[in-house]
Amino acid sequence: MNLMSSLWPYVRNHLRQYVVGIAAVWLANIAVLVGPYIIGRAINALQFRTATPLGLVGLALALVATTLLSGGLTLLVRRQITVASRQIDYEVRRDIFVNLTHLSKNYFDRASTGDLMNRLTGDLTAVREMLGFSFWQVANVLTVFLSTFVVLFAISWRMALLVLIILPIMVVVLYYLARQIDLRYVKVQEQNSRISAKAQENFSGIRVVKGYAIEDREVAEYQTMNDELIRRSMHLVRVEGPLGAFMSLLMGLAYVVILIYGGGLILGVLPGHPITLGSFTQFALSLERLSWPMLAIGQITNITQRGFSSWGRLLEVLRAKPQIHDTSHTDPSLHDLEGRIELADVSVHYGQYEALSHIHLKVEPGQTIGITGPTGSGKTTLVQLIARLIDPSSGKVLLDGHDLRTIPLKTLREHIGMVPQEPFLFSETVAQNIAFGMGGKDQPEILPGISVLHSPPPASFGTEIDLDKVRQAAQIAGLADDIAALPFGYDTMLGERGVTLSGGQRQRTALARALARNPHILILDESMSAVDTETEAKILSGLRSVMGTCTVLLIGHRVSTLRHADRILVLERGRLVEQGSHEELLALGGRYADLERKQRMASSLDQEEEASEVHS
Amino acid sequence: MTQLRPDDVFSKSFDWSLTKRVFGYLKPYRWIVTVTLIAALLIAALQPLFGLIQRAAIDRYLAPVGKVTLSNQQLYHGLLGLALLFVVLKGAEFIVRFAFSYSLEWIGQKLLYDIRSDIFGKLQRLHLAFFDRTPVGRLITRVTSDVDAINNFITNGLSSLVTSLFLIAAYATIMLSLNWRLALLSFTVLPVLYLSTTYFRNRLRDSYRETRLKQAVVNSQLNENITGMMTIQLFNREGRNQVKFDLVNRALMAAMLSTTKWFSLFLPTVQLLAQIATALVLWYAGEGILRGNGVTLGTLFAFIGWIGQLFQPIQDIANVFNNLQAAMASSERIFGVLDTEELVRDPEQPVPLESFRGQVDFEGVWFSYDPEVGPDTPERDPRWTLRGIDLHIQPGESVALVGATGAGKTSVISLLSRFYDVQRGAVKVDGTDVRSYRQRDLRKRIGVVLQDVFIFAGTIESNLRLGNAEIPLERLVQICKYVGAHDFIMQLEDGYQTEVHERGAMLSTGQKQLLAFARALVQNPDILLVLDEATSNVDTETELQIQDALAKVMHGRTSLVIAHRLSTIEHCDRIVVMRKGKVLEQGNHQDLLARGGYYAKLYHLQYESGALVGD
């Protein structure tokens, strides 16, 4: 089975632990049987008055000693098998993470974060339980049954045979119960999540609920769902609640059966080799050891089944292949790039939808290109091609004359600084965020598939940050004053446990982050939309010091942003409809000129508003 | 998903008033509670009997004490009698234990149901401002894990406390009465058991907590890395972030291994203690048998069984306090919600309401979302959202509200539905203050069309009806045809019975909007409020359909529309231009254009055709 064989390399890495653990399970299960033997002997000695006080002390001490042994072995089992399962849990999580860092944009566009998180939490737990509990319990059940029956047969093969007849019935019944419990439990959980989903829906849609005055209907619906939950829970408790009592009943019945038969043997009223009370006691006490393993069989099945289907889901992530990666066509000798961009008849399709259509474009190193157009016109797609987040459906993207697909990804991206539309900042300090891509060379990657036993923890990577460079980048991005106002300056934590920046501040942090890399190609995707015009002007003048040295692609809507570009491209529905300098496009009197006129009017309206404010 | 919640921090240990309130929920079920208690008592009373039977079997028949007068055959018959009794009692025990766990679960479920209903019902009555302030996630926690914690405390904690005490009493009684010396000797292990169980439970609780904490760190890093993966790749950070993640992943593993460490010590320790107790009994009772001072083999056998069975209740009691702490913290939070004051309330004697003519009057309305702002707050305070709005709308008139973001358009609409109460002035419908009506009467007669339609999980039909079962399906279809939603509904897999839900991307924005109009018409309101959001990703055909539908629903009704489309505005009888919480100018489209004021400029800027309108 593919699922099995794909799990094997992980198990193989911890084979020694599993082997030692399983051996210990076996020995522990043998040691546990010494206790009943000692008690049986003691009873015989007491019944037939052959015991001495000193002998009794000896037996009592022997009893404690065997438990020390079996307890010690059980401890060993947990520290081998359970530990191995938790180490594999770590290894699988590590390997999936490593694989995720290689997957391309198209994967993350399709996958939902929630789903990936569920796999990495719930599914991984299920696999871990299978690797720990199932492995151990399979070994446990087998050895308990085997060793116990050896002892039972040794005491009285007739009684043992009797047990062998009733036992399978009990196992079948308990197995059936365990399966039923699992099925019904899943049903309860399903209803629980439905109820949570309902609550979520109601609370987030409370405006509509109140607006349409349907509170009563909502309450009624919620209560119906809760009624169903009660029904399902009671359905579950009918099989789960009495499980303990049922087990006790079954073991009681088994005890009575051997009491009737064994009692007859002791008293010599039934045919067969007579036995002593001590042997009978040993028999009864040994029999008790079987109760847990009988319960466990059903559980093992449930956990293993769940574990495998979870493993299947994890395997999908673990085996997912990146769409964009280095191939045999990649030329590793390419190191230095100037930034001459060329798009030769490039089209991008998403299914039926044509995001870019037959684009031709040449950009010389050091040029600044402005790009504008309505939403969905393909601006972002265009710059994503250059950063090779996506590949063209047809045509070629060239950098310094090399097809992008022949340039090593790392090398390409080393030369690019990109500020996306909605920049993503990490829950680190401001300085760490700005220095995010600095230092060029990356830490060597973590190798997947290696046992944690043979891989020492990585040295915490050098967090030394070139603060001068960070400050310089922040200065150009117009962020320096904002940082000075933060509680801990550059060391202020951002995100969940820290400060929340405004949209404009986030954009400028992302800009500083891109600038700090000294990129040869700088891509700004509407990265100043949340910044006011005044700050924008400041940033632009700062950027001018950089602009000469690198190729800049600047997506924007504000004419004030675009006008300084060497060339402005106007996109519409994936097509390049106008291009030229600010003056050329104004003279053309097309869409760009229209945009310019509207913005001029808007700013006059703003000024008027301010003026009226002064009056009122 | 495991998340780091303040719930993990137990502040309260025990609070009597909270406990009393939780117990209040048990009151309606006091008979079942009584039954459960009786069952618990019976279980406790039955349990030691099995040892007694085994003792009798040994002492009377298998290894008879003293002079034997019966034949082996007679002895065996006696044994069979005891075996029968054993089976009968086991059967009885099974029935009682079944009854116990069944009724306990029943109580737990009812409790869950009642507390949940209370919270959910309370939340339906609470004012909208409460929801503006409280994140949805926190409310979900109240109706899920907090309620579970209380349920867990009652069905696991409290019940095992009671049954454990019963059991301990029963075993102690029988053991002491049979042989108090032997009993006391075997009890010496129990305090050690209690202490070591408490010790290990605390260690385990700490390492579970540590594991949860580390899991939360791992999860938040995972979440962040998955969301920001493109940034990581663009900045060549794969290696460094792998290392960073590896460190927290290892920390999680270490925390889990520490749990394993304590657990692997815990169970063998308990086993060892149990065996020490057995050894003590064996030694002491054995000596007694040898000396012949009345101790029998049966007593020895029974004691070995009983002392082992005493272990479980002792361990359970040691565990009760963990449950208790969690339940206290949860009930405190739950009652916090239940005790929140409802700020928008129905009047004692509401004005009866059949339908509205549709006259709407805003009279000197001052409003702020800030709860601190009162009627006496000075007018220049920046927290005012509406500053003295006077607006009078005649029955059947349609009014478009126009203005920049933050002008107060949405507030005007929210006040008419009485989502909030005004601080000064009054909002009147048909000449009566909205605060004099029952909220639901008022809102039943006022239809709201939010164009970002909220879809409830259910069918298209149930989303149109919104619980009103009286409307015939033909009418629904008729309305959908009228607004132009019928065609696309019929193209769905199951037509009107197609299952939809909020997160389902099955319906396009335009389709959702048409559905919203249909929904409003189905309710047949007297006054219509429309939030007409600007939508960019709708194709021209749908756009025309929406415009058409809007005109249809507004027809003949008092309508108040927050307008973004020129076509919408042109359909309205009157245009009200708002700015910074005040009415700036009003009139019809032509008049306002002719005046050349703020509206005229706004119009030229936003509504004149052009492909490059900023998005």
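**Entry 1: salt bridges between the chains**

I counted four salt bridges between chain B and chain A. The model is a predicted one, and I keep that in mind for every entry here. One bridge I looked up by name is Glu238(B) with Lys410(A), whose closest N and O atoms are 3.3 Å apart. That passes, because the cut-off for a salt bridge is 4 Å.

**Entry 2: the side of chain B that touches chain A**

Next I asked which helix of chain B gives the most to the side touching chain A. I found helix H9, residues 238-291, with 36 residues. I then sorted the residues on this side of chain B by kind: 74 are nonpolar, 38 polar and 25 charged.

**Entry 3: extent of the interface**

I looked up the contacts and found 137 residues of chain B against 150 residues of chain A. The two chains bury about 13,900 Å² between them, and carbon and sulfur atoms account for 68% of that area. For polar contacts between chain B and chain A I noted 41 residue pairs, both residues at pLDDT 80 or more.

**Entry 4: salt bridges overall**

I picked out Asp182(A) and Arg306(A), whose side chains meet at 2.2 Å, N to O. Asp182(A) sits in helix H7 (residues 157-204) and Arg306(A) in helix H12 (residues 291-318), both of chain A, so this pair ties together parts 124 residues apart in sequence. As a reminder to myself, side chains of opposite charge can pair when their charged atoms come close.

**Entry 5: a nonpolar patch on chain A**

I checked the surface of chain A and noted a nonpolar patch of about 380 Å², made by Trp26(A), Leu27(A), Ile30(A) and Leu146(A). Helix H2 of chain A, residues 15-31, gives the most to the patch, with three residues. I confirmed that Ile30(A) lies in helix H2.

Technical notes: Residues are numbered from 1 along each chain as its sequence is written. Chains are lettered from A and ligands numbered from 1 in the order in which they are written. This is a predicted model: local features need pLDDT of at least 70, side-chain atom pairs count only at pLDDT 80 or more; totals for chains, interfaces and linings use all residues. Side-chain values use heavy atoms; hydrogens and water are left out. Contact means heavy atoms within 4.5 Å. Buried area is the accessible area (1.4 Å probe) that two parts lose on being put together, summed over both. A polar contact is a pair of N or O atoms within 3.5 Å; within protein, one must be able to donate a hydrogen and the other to accept it, and residues adjacent in sequence count only if both atoms are side-chain atoms. Helices (H or I, at least four residues) and strands (E, at least two) are DSSP runs, numbered from the N terminus. Ala, Val, Leu, Ile, Met, Phe, Trp, Tyr, Cys and Pro count as nonpolar, Asp, Glu, Lys and Arg as charged, and the others, Gly among them, as polar. Patches are made of residues with over 30% relative accessible area and no salt bridge: like charges are joined within 9 Å, nonpolar side chains (Val, Leu, Ile, Met, Phe, Trp, Tyr) within 5 Å. Accessible areas come from the Shrake-Rupley method with a 1.4 Å probe; for residues, only the protein chains shown count as cover.
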